[in-house]
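Here's a quick briefing to keep beside the viewer. Have a look at the structure first, then run through the notes below.

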Amino acid sequence: MTSFEEMESMGEPSTEDLIAEQIPRLRRYARALISDPVKADDLVQDTLVRALSRSHLWQPGTDIRAWMFTILHNIHVNHQRQRYVRAEHQELVDDQPEMASPASQDHHLQVRDLGRALELLPEAQRQVVLLVGLEGMNYKKVAAVLEIPVGTVMSRLHRGRETLRRLMAYGPASGGSRDLKKQASP
Amino acid sequence: MTTHIQSIDEDDFQAFVDGQLSPEACRTVMTYLAANPDESERMNEYHQLSEDLHQRFDEVLYEPLPKRLRVDHYRQNLSLAERVRSWFDIDMRTFVPRFAAVAVLMTASVGAGWWLKAGDVEDQRVTPAMSFARQAASAHMLFAPDLRYPVEFGADQQDNLLLWLTERLGEQVHAPSLQDIGFVLVGGRLLPAAEQAAAQLMYENPDNRRITLYIRERWQAPLPAAKDGSVSYFGEGGLSMVYWIEGPFAYALIGEMDREQLFATAKTIRQQVEAPGIAPVIEQTADTDKDAT
């Protein structure tokens, strides 16, 4: 008989292994996206389960991280849709950090805590800022994951960063007239 | 990219911060920033922002994962079909790497030039071993979960069953006894396998766990000098398969067993098909049985 250990060690990592490798990153992203850590883990769990059940759809050689972030994003969108519908039915506005007020109202606010500042960002901007700033994804990948044009990625990135910069009151309040003009444009 | 300062737009600034700018464009932006301290400061702050994101959230990467976020937690819960599909029923690119390992192993263990001759290892065509393993797996997937008609002939008609299978497969088919490891014969059936006939024997233990033994005419023999009986193994998510060539047949044994137990079972089977009628000697039956659950 031949040794099967030998064969196993020769095998490539399985798709499941590759999926498992991505979990900590997905978790970091989810934690930054959703301030409630339990809900963030819920999102990662749903992503994991779906990725495992569809692992045969992933094409080896392609970017598994982008594939899993896309799954996560889709699930998140669905969750929010459901929550939104539920909230409408109950005519309840429960604490949804994702529904935070637009940043324009918080111009004067200065928040030292980055987590809090992120909550104040519109979610569409938060996603882009996190995928680029935290995940280090290139713009095309971000566009693919969020299913938006690259141009939209760029404008959300700019607006998101600009708002965070102000909220966090980095350094001496710079922001010349040029910045303001930039921000006014959509 | 031109080197005109006017050509710099906000996208370039963002890309500059993220290191996603071409070297020429990067130089252009740097030239511009050198002359514009406010903008330079703004870039620094964007950069600082990304640093702060890492500072704040990177610790999540090192938190121990709760059970529900670990892949192994779900391995048991994947359906049999999903697991088998993850082995075989995928486009070739997916399972060639796994089978490439088998190719290497078989080349080494069987000393078989035939494998390399049969096509380069990277060749994506289906080798005889691959199609055999796949047939065996799909037969298992199809019938093992079947509660009503798992077999065509029940064990009560074992003699007729074996007579029939022997007739169709062209060589004496035996139904090895697996009583010693707690599995009894449920029965068997005849199956089509490409242009040939194949047999499936099914066994069950008191917990209603089933294993199947798939038997088919062996494929192109390895080099004459090579010894038969080299066993290849696959295992994933609790489901395992071993297959080997012995005498006139190729055998595959499949079940939800750990691999030690499956190997031990395969060994028992081999000893019996080699020398049918002689009670098998099994060294580790008790141990493997204990490991089963």
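Let's start with Asn208(B): this residue is exposed, with a relative accessible area of 57% (exposed means over 50%, buried under 20%, partly exposed in between, using a 1.4 Å probe and protein chains only). Keep in mind that this is a predicted model, where local features need pLDDT of at least 70, side-chain atom pairs count only at pLDDT 80 or more, and totals for chains, interfaces and linings use all residues. Residues are numbered from 1 along each chain as its sequence is written, chains are lettered from A and ligands numbered from 1 in the order in which they are written, and side-chain values use heavy atoms, with hydrogens and water left out.

**Positive phi**
- Asn208(B) has a phi near 65°, a positive value in a residue other than glycine.
- You'll find Asn208(B) in the loop between strand S3 (196-204) and strand S4 (210-217) of chain B.
- Over in chain A, Glu147(A) has a phi near 55°, again positive in a residue other than glycine.
- Glu147(A) sits in the loop between helix H7 (139-146) and helix H8 (150-168) of chain A, and it's exposed at a relative accessible area of 58%.

**Chain B overall**
- Chain B has 12 helices and 7 strands (DSSP runs numbered from the N terminus: H or I with at least four residues for helices, E with at least two for strands).
- Of the 293 residues in chain B, 49% are buried.
- Take the chain B contacts (heavy atoms within 4.5 Å) between residues at least 6 apart in sequence: 58% join residues at least 24 apart.
- Chain B exposes about 14,500 Å², with 51% of that supplied by carbon and sulfur atoms (Shrake-Rupley areas, 1.4 Å probe; for residues, only the protein chains shown count as cover).
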